[in-house]
Amino acid sequence: MAAVSVSRSAGRTRPTLRLDILVLGLAVALLAYLALVPLGMLFLGSVSESGTLFEGGFTLRHFQRVVTDPSALELLSASFLYSAGAALLAFAIGTAMAWVVERSDVPVRNLWYGLALVPLIIPGIVHTIGWVFLLSPEIGWINAPLKALFGFSLPVYSLPGMVWVQGLHDAPFAFVLMGAALRTMDPSLEEAAAAARANPLQTLRRISLPLLLPASAGVLLILFVRTLESFEVPAIIGLPGRVFVYTSRIYLSLNQYPPNFGLAAAFATTLLGISVIALATHRRLTRRSEAYATVTGKAYRPRRVELGRWRWVAIAVLVLYAFGGVFLPIIVLFYSSFLRVYVVPSPESLGTLTLSNYAFILTDDTTLRALGNSALLGVTTATVVVLFTSVIAWLTVRSKTPGRGILDFMAFVPIAIPGIVLGISLIWVYFTVPIRIYGTLWILLVAYVTRFMPYGMRSLSAGLIQIHRELEEAAQAAGARWWPTFRRITLPLLRPVLLATWIYVFIISLRELSSGILLYSSQSVVLAIRIFDLREAGQYTAIAALSMILIVSLVLLVAVLQRFGGRTVRAS
Amino acid sequence: MRRSFVTILAILATLASACGGSASAPAASAAPKASVAASAAPAASAAPATAAAKETADQAMARLYEAAKPEGKVLLYSSLNTDDAKKILPVFEAKFPGIKVQHTRASGEALIQKIVTEKKAGQDLFDVVETNLFEIKFIMDQGYTQKYAVASAGDFPADVRSPNDSYVAGRLNNDLPGINTAKLPPGTVIKTWRDLCDKKFEGHLAVEQGDVVIYSAFKKIFGEAEAQSLLKCLAANKPSLRSGHTEMANLLAAGEFWVTLASNGHRLAQLRNDDKQPIDWVRTDPVITDVQGMVLANKPKNPNAAKLFMEWFTSPGGQTAIAATGRVPASGKGAKFPELFNFAKAFYISTDLAASFDKDAEFWRSTFGIK
Amino acid sequence: MTTLKVEGLRKTYQTGRGGVAAVQDISFTVEEGRFYTLLGPSGCGKTTTLRCVAGLERPEGGTIVLGGATWVGPGRFVPTHDRDIGMVFQSYAIWPHLTVFENVAFPLRVARTKRSKAEVASAVGEALALVGLEGLESRAAPQLSGGQQQRLALARALVGRPKLLLLDEPLSNLDAKLRERMRIELRELQRRLGITTIYVTHDQGEALFMSHRVAVMHGGVIVQEGTPKDIYNDPATGFVADFVGSATFLAGPLAADGVHALGGIVRSRAVDGLEVGAKALLVLRPESIVVRPAPAGRTNEFTGTLRQAAFLGDHLDCVIEIESTLVRAYAHPSTPLVRGQTVAVEFPEDHCVAIADDGWRPRALTREQAD
C-alpha cells in the first residue's frame with residue numbers, strides 16, 4: 001500500500017495517516033456493529049428482567065427456565081435427534097448420489113449436475129409445504145391411498161417426519177460437498193490399493209472410506225448445524241406435531257402473549273452456543289482433512305468404476321431421488337394450485353380446477369408488494385454484500401495492514417448465528433438503539449447483509465487468492481500505482497467471481513425466511529414470509545399457486561443469470 | 001467501474017425514495033405527520049363536543065372522509081381472514097374512493113406479538129386493530145390504544161361494546177364444534193362438548209391451540225371444576241393442535257379430522273352452503289360467541305382514515321357488507337346464516353373473563369401439552 | 001515363468017469429439033528377469049500400455065499373458081487385484097492415513113492367504129531394508145520426504161514378491177541429484193532381485209541407463225524396440241534418433257558411399273534396404289563430430305563458421321554453420337574456439353549412418369533455421 005500512504009519527510013514527528021488503516025478501522029467498526037452488537041444485545045436481553053434493556057435490572061430466570069423447565073431436556077434431545085437424523089439422511093443420500101456421479105460411468109452425469117442444483121434454488125418453505133401436502137395424515141397424496149389400501153399412514157407431524165423432509169431438502173447440498181471431496185481424492189490411491197492386491201470391497205473399507213472420513217465428518221457437521229438452525233420444517237411440521245426444537249421455541253416465546261422477549265433471547269443464546277461449538281469442531285476437522293489433500297497435489301483424471309449391469313440400478317437410484325425428492329413436491333403443488341379448496345385428487349376434483357388462486361396471487365396487494373420487496377431487497381443485499389466484502393477481502397488477502405486478522409475473523413462471525421437468532425438479536429438492538437427501522441425493509445437489509453457476508457467473504461477471498469499477487473506486482477513493476485492496477489488487472493480478473501457471488505447472494509436472499517420472520521411488518525413483507533403468512537391464514541391453495549410462480553421464476557432467473565455469468569453457481 | 005458506481009448510486013437512491021414513501025420513514029419525515037396528527041387531534045376532540053348532539057353516522061363519515069383524503073390509506077391490523085376481507089374491504093374502498101385499506105392479517109396472538117414488538121422498537125405501524133376481545137383488552141392495558149366513540153354505537157347491544165367507548169365490536173364469532181358429516185360414523189349424535197370426549201373421537205379431534213377463551217367460557221358456563229374435567233377428557237382424545245381457525249376448518253372439510261372443538265360458525269356455514277362440503281356443527285347450549293373488538297391506535301399514522309373506517313365498519317352499510325360474507329354482524333341485523341345461533345342463547349365473551357387469563361392459559365397449555 | 005507377452009493391444013479413449021486411439025496394436029515381450037522400458041514423449045501411449053498391463057484400463061483388443069496366465073484375452077479380463085504385480089505410481093500414491101509400516105504391510109494383509117503377524121513384520125522389515133527405510137516404520141507416511149516416499153512406494157510394490165514390477169515415471173517428481181541416485185539404486189535393485197520389470201519414462205537417459213531393452217513409442221505405436229545400444233546407434237527413424245540422444249540431421253538422396261549433403265557427399269554407411277537414390281536422412285551424433293580450429297585433412301571434413309560455443313563443464317556445446325546448415329557438435333572443453341571463427345568439422349565415417357527419410361523433421365534449433 002506504499003503508493004497510497006502519505007510519506008513523512010525526514011525530521012517530522014507527526015504520525016502518518018494511512019488510508020488503508022482508516023478503511024480497515026471503518027470496516028471493523030461496521031462489522032462490529034453488524035455482527036457483535038446484536039450478539040451483545042442478545043445476551044443482555046436474555047438476562048434482562050423486564051422486556052427492555054437497562055430497565056428493571058438483571059435476572060437469570062429466563063436461563064433457569066431454559067435449563068430447568070421439565071420440557072428442557074425434551075427440547076434438547078428433540079433438537080439433537082432432529083439435527084443428527086436429518087444430517088445423516090442428507091449425508092447418506094447425497095454421498096450415494098455423489099459416488100454414483102463422480103466415481104462410476106453412469107451416463108447421465110452432466111444432466112445430473114444441473115438437476116442437483118434445482119432443489120437448492122427452491123425455498124425451504126415451498127419444499128416443506130409440498131411435503132405437507134403429500135404426507136398430510138388423512139388427505140395427503142401419499143397417505144390417502146396408503147390409508148385406503150393398507151389402513152395406516154406415514155406420520156409427517158412427528159420427529160421422523162421432520163427428519164425426512166429436512167433430510168431430503170439438504171441432500172443436494174450434501175451431494176455438492178461430497179462430490180467435491182470425492183473429486184479431490186487422488187484416484188491413484190485406490191488404484192494403488194488394487195495393484196496391492198486389494199479387491200474393491202477391501203479398497204473401499206481400508207482406503208477410500210478412511211480417506212473420506214475427515215471430509216465426511218466435516219460435511220456431517222455442516223449438515224447438522226444447518227438443520228439445527230432451520231426454521232421452516234420445525235415451524236410448519238414440528239409445531240402441529242408438538243415436536244419442539246430451539247428455533248421453533250424461540251418463535252413460540254414471541255407468539256404467546258405477552259411475548260416473552262427475554263425467554264426468546266435465552267433460547268437463542270443457548271442455540272448460538274451449540275452452533276458455535278459445532279462450527280469450532282468443524283474447523284478443527286477440516287484442517288486435518290486438508291493435510292490429507294496436500295500430500296498429492298495435482299489435477300486428477302477421475303477413475304470411474306464400470307458399472308456394467310449395475311448401471312440400471314444406479315440410474316434407478318438417481319431417478320428415484322429426482323422424482324421423490326424433487327419433483328413430487330413440485331407436482332403436488334402444481335396440481336393444488338388449480339384447486340379452489342384443497343382436497344385429495346380424485347376424478348371429481350378434476351372438475352373443479354380453476355385459475356382463481358393465480359388470480360388471487362396476481363391481484364393481491366400484499367403479495368405483489370412482497371414480490372417487489374423481495375426483488376429490491378435481493379438486488380440491494382447482493383450489491384452491498386459484494387461491495388463490502390470485496391473491500392474487506394482485499395484488505396485481508398492482499399494488504400499488509402495491521403489488524404486485518406481481526407477483520408477476517410469478524411467477517412465470518414455471522415456464520416455461527418442461526419437466522420432466527422439474528423432476528424431476535426436485532427429486535428433487542430432496535431429496542432435499545434433509537435434508530436427506527438424495525439418493521440421496515442432497512443432492518444431486513446441489515447439482517448440479510450449480516451447473514452450473507454461470510455458467504456461473500458469466502459467467495460471473494462478465494463477468488464482473490466487465486467489471482468496471483470505476482471500479476472499485480474508485475475503491473476506495479478511496470479509503473480502502475482494502486483488504483484490503475486486494481487482497475488486494469490485485479491478487477492477484470494475478479495469480475496467472474498464478483499458476478500457469481502452477486503448471483504449467489506441474490507438467490508439465497510430470495511429464499512431467506514428465518515432471519516426476517518421476526519422482523520417484518522406488512523410494509524416489508526417478502527415472498528418467503530408471505531408464504532408463511534398465507535399458511536397461517538390457511539390459504540393452502542393460494543400458497544401452491546405462489547410457490548409455483550416462485551419456483552418457475554427462480555429457475556428461469558438462475559438459468560438466465562448463469563448464461564450471463566458464465567459460471568456455475570455452486571452452494572458454498 | 002464508473003458505470004457500476006452510477007448503478008450503485010441509482011440503487012441507493014431508489015431505496016431511499018422507497019423508504020421515504022412507505023410508512024416507515026425515518027424520524028425526519030415523521031415530524032410533518034406528527035404535526036398533522038397534532039392538528040387533527042384538537043379538531044377530532046372538538047368535533048364530538050359540537051356534534052355531540054347526535055351526529056349521524058353518515059355525517060361523521062362525510063366529515064372524516066374529507067379529512068382522510070390527504071392521508072389516502074388506513075393501516076388495519078385484523079384477524080379477519082383473507083377471503084372475507086376481499087369481500088368486505090372493497091366495499092369501503094368503493095364508497096370512499098382514494099382511501100385504501102392496507103390489511104395486515106394475522107391470528108390474534110401473532111397480531112399482539114407484532115404490535116408489542118413494533119411499539120417497543122419505537123414504531124407506530126397500525127391505525128386500527130380488530131381481533132378477539134381478549135387480545136384487544138391486552139393492548140388496551142398496554143396503553144397502545146385510545147378511546148373513540150363511533151356514531152353508530154347506539155345500534156349495538158350492550159354486550160358487544162365497552163361502556164366507556166374504549167372498544168366497539170364490528171362482528172361476532174360463534175365458536176361451535178365443527179363436524180365432517182362424511183367422516184362421522186353413522187348414527188353418531190353430538191349434543192354438547194362433553195360428547196366429544198367419547199373415545200371414538202380419539203385422534204380425530206382438532207383443537208385450535210390458542211383457544212384459551214373457550215376454556216374461560218367453559219369456566220363461566222359450567223364452573224371451574226367441571227370445566228377442568230371437560231378439558232382434561234378432551235385432551236385425553238389426543239387432539240391435533242392447529243394454528244388458525246380457517247386452516248382448521250379447511251382441513252376439517254378436506255377430511256383431515258372428524259370434529260373440531262371450536263370453529264368459527266360462519267366459516268362452517270360457508271363451507272356447507274357455498275362450497276357444498278360435508279360440514280355441520282354441534283348445536284351447543286349456550287352458543288359461545290366471541291366478540292371481535294375494534295380499537296383505534298394511540299398514535300395512528302392516518303387518524304382520520306382510521307376513524308372513518310371504524311365509523312363505516314359499525315354503520316349499517318358496513319354491517320351489511322359483513323353479513324354478506326356470512327359472518328355475524330355485531331349489530332345483530334341481517335345475518336346470512338341465522339341457523340348458526342338461533343337455537344340457543346348466546347354466551348358473549350367479555351373483558352372480565354380476561355382477568356384470569358394467565359391462569360387459564362397455564363391450565364390450557366399444560367392440559368394439552370403445549371409448551 | 002515370468003515372461004510377459006503383450007500382443008495386439010488396442011485402447012481407445014472416448015472423448016466428447018469421438019475416440020482418441022491411445023494405443024494402436026502394440027506387441028512386445030518382456031523376458032523373465034529383464035528390465036523393459038517404454039520410452040516416448042507425453043501422449044505416446046506408454047502410460048496407457050502400462051495401465052493396461054496393470055489392469056487399470058480395459059483395452060478394446062489384444063492379449064496380455066504372464067507366464068501361463070492369461071490376463072487379457074478374448075472374453076477374458078482379470079481385474080487388477082488378481083494380477084500378481086507390484087506397481088509404483090508417478091505420484092507414489094502413498095496412503096496418508098497409514099504409517100510407513102502399514103503402507104508396506106497392506107498387500108500382505110489383503111492377500112488371500114493370510115500371514116501371521118510375525119511373518120508380516122519380517123517381510124515388511126525386509127522390504128524396508130531393501131529400499132533403505134529401516135527404522136521409519138512408525139512414521140506417518142505424509143511426513144516422509146519426496147525421495148523417501150518414492151522408496152516407500154517401491155517397498156510396498158516389492159513386499160509381496162510379485163512376478164511383475166511396474167513403474168510409471170517414478171523419478172519424474174524428484175530433483176536432479178536425487179534422480180541420479182535413485183536411478184543407480186533402482187537398477188541395482190532390479191538386477192539383484194531379478195524381477196521382471198516394465199518401466200515407463202520420457203527421460204531417455206533413464207531408459208538407456210537402466211534397461212535391458214527399450215521400446216520407443218510414438219503416436220500409440222512402438223516405433224523401435226531393442227537394446228539401448230541398438231536404439232542409440234542404429235535408430236530406425238529420425239524421430240527415434242532425435243528422441244534418444246540428440247543429433248544433427250542431413251537430408252539428401254543416397255549415394256553409393258554416402259549421402260549427398262553439405263554441397264558434397266558425406267561418407268556413411270546405410271541401413272539395410274535403403275537403395276541408391278532413395279531419400280535418406282543422415283544422423284550425426286554431436287559427440288562423434290570432431291571440431292578443429294584448422295582442417296586436418298580427414299575424410300568427411302568440412303569447413304564452417306562457429307556460431308556458438310557454450311561451456312558446459314565437461315564439453316563445449318557448439319553450433320557450426322556449414323553451407324547454411326546448422327550442425328551441432330560437442331568439443332573437448334579445452335579446445336580453443338571463439339565465436340565467429342572458421343573451423344574444420346569432421347564426421348568420422350564409422351559414426352555416420354544413413355536411414356530412410358520418412359519426412360520427419362526435427363524442431364528448429366534456432367529461429368533462423370526455422371525461417
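You'll find A:Ser50 in the loop between helix 1 (19-46) and helix 2 (61-68) of chain A; helices (H or I, at least four residues) and strands (E, at least two) are DSSP runs, numbered from the N terminus. A:Ser50 and A:Phe261 are 211 residues apart in sequence, yet their C-alpha atoms are 8.8 Å apart in space.

A word on what you're looking at. This is a predicted model, where local features need pLDDT of at least 70 and side-chain atom pairs count only at pLDDT 80 or more, while totals for chains, interfaces and linings use all residues. Residues are numbered from 1 along each chain as its sequence is written, and chains are lettered from A and ligands numbered from 1 in the order in which they are written. The model scores ipTM 0.84 and pTM 0.79. For chain C, the mean pLDDT (the predictor's confidence in each residue, from 0 to 100) is 90, and 97% of the residues reach 70 or more.

Now for the inside. A nonpolar core here is a set of buried Ala, Val, Leu, Ile, Met, Phe, Trp, Tyr and Cys residues joined through C-beta atoms within 7 Å. The largest one has 288 residues, and A:Ala174, A:Ile424 and C:Leu282 have the most contacts inside it. Leaving aside residues up to four places away in sequence, A:Ile424 touches A:Leu42, A:Ile250, A:Ala264, A:Ala265, A:Ala268 and A:Leu518; contact means C-beta atoms, placed from the backbone, within 7 Å. There's also a second, separate core of 105 residues, which includes B:Tyr167, B:Leu230, B:Trp258 and B:Ile279.

Chain B itself has 13 helices and 14 strands, and 52% of its 371 residues count as buried. Among its contacts with a separation of 6 or more, 79% are between residues 24 or more positions apart.

How do the chains meet? Between chains A and B, 44 residues of chain A are in contact with 47 residues of chain B. Helix 16 (365-397) is one of the chain A helices that supply at least two residues to that side, and helix 16 gives the most, with four. Where chain A meets chain C, the contact takes 20 residues from each. Helix 8 (187-195), helix 9 (200-229) and helix 12 (261-293) of chain A each give two or more residues there, with helix 8 providing the largest share, six.

Finally, look at chain C, where an open sheet of six strands runs in the order 7-8-9-3-10-11, with mixed pairing; strands pair if DSSP finds at least two bridges between them. Strand 7 (85-88) and strand 11 (221-226) each have a single partner strand, so one side of each is left without a neighbour in the sheet. Strand 8 (164-168) and strand 9 (196-201) of chain C run parallel, joined by five bridges, and C:Leu166 stands opposite C:Ile198 in strand 9.

Notes: Contact = placed C-beta atoms within 7 Å. Buried ≥ 20, exposed ≤ 12 C-beta atoms within 10 Å, placed from the backbone.
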